[in-house]
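Please view the sequence and the model together while reading the sections below.

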Amino acid sequence: MAQITVTSLLPQPSSSSALPFRIPHYAYASGPLRCQNLAFLRTTSLAPELNRNVVISNQVTASRSCKNQAIRAVLSGDGNGVVATYAKGVGLRGKLKKVVLAYSGGLDTSVIVPWLKENYGCEVVCFTADVGQGLKELEGLEQKAKASGASQLVVKDLTEEFVKDYIFPCLRAGAIYERKYLLGTSMARPVIAKAMVDVAAEVGADAVAHGCTGKGNDQVRFELTFFSLNPELKVVAPWREWEIQGREDAIEYAKKHNVPVPVTKKSIYSRDRNLWHLSHEGDILEDPANEPKQDMYMISADPEDAPDEPEYIEIGIESGIPVSLNGKTLSPATLLSELNKIGGKHGIGRIDMVENRLVGMKSRGVYETPGGTVLFKACQELESLTLDRETIQVKDSLALKYAEMVYAGRWFDPLRESMDAFMEKITEKTTGSVRLKLYKGSVNVTARQSPFSLYRQDISSFEGSEIYNQADAAGFIRLYGLPMRVRAMLDKGI
């Protein structure tokens with residue numbers, strides 16, 4: 001049985017507990033190692049230096065020298081990799097002190113807890129943000145987190161902050177992505193990531209982790225926020241590192257590590273819910289030719305089944321921000337919550353779209369945004385009174401860029417913040433009220449008024465006016481149409 005010396009960048013071992021591992025990329029070896037089973041090379045992550053010098057047998061014992069202490073390891077040719085004794089607090093992929101994990105309590109994040117401990121030798125603090133996803137999703141989370149191996153669970157209620165500091169600025173800006181999407185998930189990620197950075201500082205963590213896949217937008221939104229608020233934090237994204245390929249792999253990993261597998265029924269759809277919206281992806285929706293099933297919707301009634309009588313509501317707005325419902329001043333989160341109930345009852349806010357993800361692929365999603373759709377309509381209509389033509393045109397053009405930046409996770413980008421300052425200034429006098437009629441999926445404005453309205457009945461009326469002399473229009477038309485007249489004269493040789 002041949003011997004090699006494996007030298008590693010890992011700290012001095014202090015524990016005799018054995019854990020299965022693969023030699024990390026930063027380990028290297030010296031000395032000959034001989035064997036016959038070459039399959040080991042295909043399943044083990046070995047450094048290039050080790051690969052050049054190793055010929056593998058069915059089982060070879062190796063020793064790793066680390067500060068004059070040897071760690072005994074077994075290199076097995078059965079495809080299971082390397083079993084070794086690792087120092088306490090040192091994982092298979094390196095060393096982190098404490099990691100704050102964005103935690104939902106589902107299968108993926110439950111498995112991530114032991115995976116982080118095994119691969120980074122770290123303490124795991126789970127973090128859950130309440131952004132209005134519903135009380136059921138928050139039940140029993142602490143027990144689940146600790147059963148998975150977390151040291152603690154931190155839960156923060158971000159609902160008011162989410163609506164006041166993220167949703168309402170986007171609403172004021174008129175931000176809408178690709179003509180339809182009201183940015184529900186896009187706005188939620190930065191407020192959650194910001195809270196994670198704060199929690200990391202509170203508990204003394206040196207890293208943060210999330211369960212986003214490598215195909216989606218959310219990984220970008222989380223990590224750009226981390227970079228912006230604390231560039232010194234390390235970021236771990238297990239879906240870009242581990243070998244788990246799907247639900248069955250995750251369940252098997254959970255069983256091996258004694259992690260209780262969530263027993264909740266797995267939805268056939270991938271959903272994201274917060275106080276602004278509920279999104280649906282996956283299953284039959286992956287084919288854009290398929291019509292969504294009615295039993296998929298959860299917070300809005302089928303418009304065909306909505307009440308046969310319309311409902312009238314009045315939204316009060318101050319400087320572009322909604323503040324009241326039917327004359328009653330409400331907090332941002334309470335106002336939105338009430339409108340979700342009213343709008344959902346009337347089948348308001350269902351959107352089915354194919355969008356362009358930031359990572360390059362197209363995806364099909366269905367969104368329910370009842371309260372948000374009502375508010376978007378109200379704010380837009382009040383601006384028709386308070387903003388002039390050129391201002392609306394510039395605001396609308398910037399709104400496209402604003403929406404694009406929010407969708408791409410650039411919430412804390414100076415450009416978005418600068419555009420937000422413009423939006424705040426330009427809507428200073430967008431104050432007033434809008435009356436809307438809700439009926440079987442439709443939202444129609446029936447009245448709008450503002451003390452700063454630019455609409456003047458004495459000017460717009462067909463009756464005579466001292467301010468507007470209709471005879472002045474003749475000269476205006478001649479001057480305004482002069483370029484067209486000159487071009488026609490040229491074509492006719494005049």
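## A buried tryptophan pair

Trp 115 and Trp 242 are both buried. The model that shows them is a predicted one.

A pair of aromatic rings is described by the distance of the centres and the angle of the planes. In the whole structure, a search finds nine aromatic pairs. In one of them, the ring centres of Trp 115 and Trp 242 are 5.8 Å apart and the planes stand at 90°, so this pair is edge-to-face. Trp 115 belongs to helix 3 (residues 107–120), whereas Trp 242 lies in the loop between strand 11 (234–236) and helix 8 (247–256); the pair therefore ties together parts that are 127 residues apart in sequence. Ring pairs also join Trp 115 and Trp 242 with Tyr 120 and Trp 239 in a cluster.

Val 208 is part of strand 10 (residues 207–209). With a relative accessible area of 0%, Val 208 is buried, because buried means under 20%.

Leaving aside residues up to four places away in sequence, Val 208 touches several residues, among them Val 99, Val 100, Met 196, Phe 226 and Leu 233. Val 100 is 108 residues from Val 208 in sequence, yet their C-alpha atoms are 4.6 Å apart in space.

## Charges over rings

Two arginine side chains may be examined next. The charged end of Arg 221 is placed over the ring of Tyr 407, at 4.9 Å from the ring centre. For Arg 416, the charged end sits over the ring of Trp 411, 3.8 Å from its centre.

Terms used:
Residues numbered from 1 in each chain as written. Predicted model: local features only at pLDDT ≥ 70, side-chain atom pairs only at ≥ 80, totals over all residues. Heavy atoms only, no water. Helix = DSSP H or I, 4+ residues; strand = E, 2+ residues; numbered from the N terminus. Buried < 20%, exposed > 50% of the residue type's maximum accessible area, 1.4 Å probe, protein only. Contact = heavy atoms within 4.5 Å. Phe/Tyr/Trp six-rings, centres within 6.5 Å; stacked < 30°, edge-to-face > 60°. Lys NZ or Arg CZ within 6 Å of the ring centre and 35° of its normal.
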